[in-house]
Amino acid sequence: MSLYDGATSDPARRDVRRLWSAALYQRAMLRHRIGHCDDAWDLAWLSVVVAVRRHEGLLRGTATEREALADAVTHMVDAAVVAEATGRDEDQIMLLSEVIDRCADADAAYPRLRRILGTALHNLAAAMLERQQTATAAPLAEHAYAIRHELAVLDQRAAWEYANTLLLTAALAVDRQDWRIAVERLSAVGRLLVALRTYPEAMAGYAGQLAIEVTTRAPELVDRARAAGTWPYQTWTPQA
């Protein structure tokens, strides 16, 4: 790559980097899907290196630069998934943190970058919760919640992403025993899953488990929500 960069003009270098990073990324995701995680990690990491080099060689503030940034941070988010699968926890945290830093000033009018930022915030919050670092996870999850709430109207996938973050913030609320927020978020996610009609069963199952715990620990708040018609749970899944 270094030899090629030194022997070609800027436009040609940019085109090669774009195609090369995309090919590396696609192959990495394929290797990951079929279970070859170590190979996938090497490819994913190289795709990040090439994509970042492409982005950093562009003039700031242009549409091309913005698209290149979106490509680079997409590669980082998915490389972080591969890193987690291969036990590279520090690399996972580093990549997600880098995405958040690079997207910190993402234009609200550019949904692609906002959506990637929401994913990075959600995934980093989930990783912190898994490590029982709830004080770090909570503000990340709330930031993801704000972004995904804003984008939920875009399409069904965005609505699923919002529901997933609602569940994460509900779990964090249960962890810190903030029952008011837990009831509020579980009520919202239950209604959203009913509206979506089709969703991953694991989401409804997890919502049901949290709803049972909240009903046990904060029955008065749940009774109040049920009386108001906002509590859509009977046992394990939202009412149809």
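Modeller: A salt bridge is a side-chain nitrogen of Lys or Arg within 4 Å of a carboxyl oxygen of Asp or Glu. The model is predicted, so local features need pLDDT of at least 70 and side-chain atom pairs count only at pLDDT 80 or more, while totals for chains, interfaces and linings use all residues. Residues are numbered from 1 along each chain as its sequence is written, and side-chain values use heavy atoms, with hydrogens and water left out.

Biologist: What makes D71 and R54 a salt bridge?

Modeller: Their side chains meet at 3.1 Å, N to O, and the limit is 4 Å. D71 lies in helix α4 (residues 63-85) and R54 in helix α3 (residues 37-56), so the pair ties together parts that are 17 residues apart in sequence. Helices here are DSSP runs of H or I with at least four residues, numbered from the N terminus.

Biologist: Which residues are linked with R54 in a network of salt bridges?

Modeller: The network links R54 with E67, D71 and R112.

Biologist: How do you know whether E161 and R157 are buried or exposed?

Modeller: E161, at 14% relative accessibility, counts as buried, whereas R157, at 54%, counts as exposed. Their closest N and O atoms are 3.6 Å apart, forming a salt bridge. Both lie in helix α8, four residues apart, about one turn of the helix.

How values were computed: Helix = DSSP H or I, 4+ residues; strand = E, 2+ residues; numbered from the N terminus. Buried < 20%, exposed > 50% of the residue type's maximum accessible area, 1.4 Å probe, protein only.
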